[in-house]
Amino acid sequence: MICTDYPVKALSILLDKDCLPASYAPLIKHKQALLSELPRLGCKRKSEAERLSDGAYEAIGMQTQEIRLLRRFLTLYDAKPQKLRELEKLTAEPEAMAAYRELYLLPGVKQIRADLYYRSGFASLAALAEATVEAVLEKTAQTIADNALSCIVPLPKEIRTHIAVAKAFIAE
């Protein structure tokens, strides 16, 4: 089972300007402080960082607005129950359904993108985490062409985000 309560060390991957939504960019300057201070404060996982007081974040140099932003960021990649309920409506084969369950944990991924990743050989978060942006671009474009699919190749930033979140979710 994939753990979406990722280790705080995964912030090193997730707080990257190349995959981070632009509205969260102010958090990047706190990345090193978070990586060093959260474990010192006893936080090993995201859920523990969520429970820290505002005062603890102020002590590492964050302002009130940045703390609010961080709290939203910490829940950004939580699986939405309504999104996961869509899986029940799919009539995919059991192997594909298992892959979709994992791939649906990625931000913005629903049936079309999950199917594209699955058909392109990225049937798990581990497979996606090991891939490069270029490999995903190439394989998804080839899958679309070979199968005459009516979808588009994911954008590089989307792929970078999916790879980063996959790495965070499988990190231990």
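Is glutamate 86 buried, exposed or partly exposed? In this predicted model, glutamate 86 counts as partly exposed, because its relative accessibility is 26%. Glutamate 86 is paired with lysine 110 in a salt bridge, in which the closest N and O atoms are 3.6 Å apart. The two partners belong to distant parts of the chain, 24 residues apart: glutamate 86 lies in the loop between helix H6 (81-85) and H7, and lysine 110 in the loop between helix H7 (94-103) and H8. Lysine 110 is likewise assigned to the partly exposed class, its relative accessible area being 43%.

The structure contains eight salt bridges, and two further pairs are described here. Aspartate 54 and arginine 71 form a salt bridge with their closest N and O atoms 2.8 Å apart.

The nonpolar interior was examined next. In soluble globular proteins, nonpolar side chains tend to be buried together. The largest nonpolar core of the model comprises 53 residues, and Tyr57 and Phe73 are those with the most contacts inside it. Helix H11 (residues 156-170) supplies the largest share of this core, namely seven residues. When neighbours within four places in sequence are left aside, phenylalanine 73 is in contact with Tyr6, Leu11, Leu14, Leu15, Leu20, Tyr24 and Leu27.

Tyr24 and Leu27 are also among the residues touched by leucine 69, together with Ser23 and Pro26, when residues up to four places away in sequence are not counted. Leucine 69 is located in helix H5 and counts as buried, because its relative accessibility of 8% falls under the 20% limit. The C-alpha atoms of leucine 69 and tyrosine 24 are separated by 6.9 Å, although these residues are 45 residues apart along the chain.

Leucine 76, in the loop between H5 and H6, touches Pro21 and Tyr24, again not counting residues up to four places away in sequence. Leucine 76 counts as partly exposed, at 26% relative accessibility. Its C-alpha atom is separated by 28 Å from that of glutamate 95, a residue 19 places apart from leucine 76 along the chain.

Apart from residues up to four places away in sequence, histidine 30 touches Gly61, Met62 and Glu66.

Helix packing was considered for H8 and H10. Two packed helices are described by the angle between their axes and the distance between the axes. The axes of helix H8 (residues 111-119) and helix H10 (residues 133-147) come within 9 Å and cross at roughly 100°. H8 is therefore roughly perpendicular to H10, because crossing angles of 65 to 115 degrees are assigned to that class. On the H8 side, the contact is made by Leu116, Tyr117 and Arg119, and on the H10 side by Val136, Thr140, Thr143, Ile144 and Asn147. Classified by residue type, the contact of H8 with H10 has four nonpolar, three polar and one charged residues.

Alanine 148 is placed in the loop between H10 and H11. Phi of alanine 148 is near 50°, a positive value in a residue other than glycine. At 68% relative accessibility, alanine 148 counts as exposed.

Definitions and conventions
Residues numbered from 1 in each chain as written. Predicted model: local features only at pLDDT ≥ 70, side-chain atom pairs only at ≥ 80, totals over all residues. Heavy atoms only, no water. Contact = heavy atoms within 4.5 Å. Axes fitted to C-alpha atoms, helices over the stretch in contact; angles between N-to-C directions. Helix = DSSP H or I, 4+ residues; strand = E, 2+ residues; numbered from the N terminus. Parallel < 35°, antiparallel > 145°, perpendicular 65-115°, else oblique. Nonpolar A, V, L, I, M, F, W, Y, C, P; charged D, E, K, R; others polar. Core = buried A, V, L, I, M, F, W, Y, C linked by side-chain atoms within 4.5 Å. Buried < 20%, exposed > 50% of the residue type's maximum accessible area, 1.4 Å probe, protein only. Salt bridge = Lys/Arg side-chain N within 4 Å of Asp/Glu carboxyl O.
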